[in-house]
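Here's a quick tour for someone meeting this structure for the first time.

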Amino acid sequence: MTDTAIPVATDEDILAAAQAWREAGRGVAVATVVETWGSAPRPVGSHLVIDEAGDFLGSVSGGCVEGAVIADAIDVIETGAPKMLEFGVADETAWRVGLSCGGRIRVYVERVE
């Protein structure tokens, strides 16, 4: 049996993608986990880079809240106004997007200039 696991993107890969996408003229935002409490799927410092079309690389939540972060990131790209997002099991949004791990995360989303 061969290992067919897809390698996880490194911080260098994610930030290089952000730079390459900007240089190609694409609108880009970076989401960063800035705080966690309890059981959190990704550690502080984890990144997700998103372009204006919704293409992305990286992870801030192991997949459970990425859709909501991507939607907010597209808004950040359009408006230029950064956002602080918070997801946790007590938050109705967290259950809707699947964050049922028992923890909470705060994610800062900013446009890349």
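Setting aside residues up to four places away in sequence, Ser-46 is in contact with Ala-31, Thr-32, Val-33, Ser-59 and Val-60, where contact means heavy atoms within 4.5 Å. You'll find Ser-46 in the loop between β1 and β2. Helices and strands here are DSSP runs (H or I, at least four residues, for helices; E, at least two, for strands), numbered from the N terminus.

Before going further, a word on what you're looking at. This is a predicted model, in which local features need pLDDT of at least 70 and side-chain atom pairs count only at pLDDT 80 or more, while totals for chains, interfaces and linings use all residues. Residues are numbered from 1 along each chain as its sequence is written, and side-chain values use heavy atoms, with hydrogens and water left out.

Buried means under 20% relative accessible area, exposed means over 50%, and partly exposed is in between (1.4 Å probe, protein chains only). A polar atom of the Ser-46 side chain lies 2.8 Å from the backbone oxygen of Pro-43.

Ser-61 sits in another loop, the one between β3 (56–58) and α2. With 1% relative accessibility, Ser-61 counts as buried too. What does the side chain of Ser-61 join up with through a polar contact of 2.9 Å? The partner is the side chain of Glu-66. For a polar contact, a pair of N or O atoms must be within 3.5 Å; within protein, one must be able to donate a hydrogen and the other to accept it, and residues adjacent in sequence count only if both atoms are side-chain atoms. A polar atom of the Ser-61 side chain also lies 2.9 Å from the backbone nitrogen of Val-65. Beyond its neighbours within four places in sequence, Ser-61 is in contact with Pro-41, Arg-42, Glu-66 and Ile-105.

**Pairs across the sequence**

Here are some residue pairs, with their spacing along the chain and their C-alpha to C-alpha distance.

| Pair | Apart in sequence | C-alpha to C-alpha |
|---|---|---|
| Ser-61 and Ser-46 | 15 residues | 8.5 Å |
| Thr-10 and Ser-46 | 36 residues | 9.4 Å |
| Asp-75 and Val-109 | 34 residues | 9.9 Å |
| Arg-22 and Glu-113 | 91 residues | 7.6 Å |

Thr-10 lies in the segment before α1, and at a relative accessible area of 34% it is partly exposed. Arg-22 belongs to helix α1 (residues 11–23). With 30% relative accessibility, Arg-22 counts as partly exposed. Not counting residues up to four places away in sequence, Arg-22 touches Gly-27, Val-28, Val-112 and Glu-113. Asp-75 is part of helix α2; its relative accessible area of 28% makes it partly exposed. Leaving out residues up to four places away in sequence, Asp-75 touches Gly-80 and Lys-83.

**The nonpolar cores**

In soluble globular proteins, nonpolar side chains tend to be buried together. A nonpolar core here is a set of buried Ala, Val, Leu, Ile, Met, Phe, Trp, Tyr and Cys residues joined through side-chain atoms within 4.5 Å. The largest one has 18 residues, and Ala-31, Leu-48, Val-60, Val-69, Phe-87, Val-107 and Val-109 touch the most other members. At least two residues of this core come from each of β1 (28–37), β2 (47–51), α2 (66–79), β4 (83–88) and β5 (104–112). Which element supplies the largest share of this core? That's α2, with six residues. Apart from this core lies another, of seven residues, including Ile-14, Trp-21, Val-30 and Val-49.

**The whole chain**

Stepping back, the protein chain has three helices and five strands. Along the sequence they follow the pattern α-β-β-β-α-β-α-β. Of its 113 residues, 34% count as buried. Among contacts in the chain with a separation of 6 or more, 52% are between residues 24 or more positions apart.
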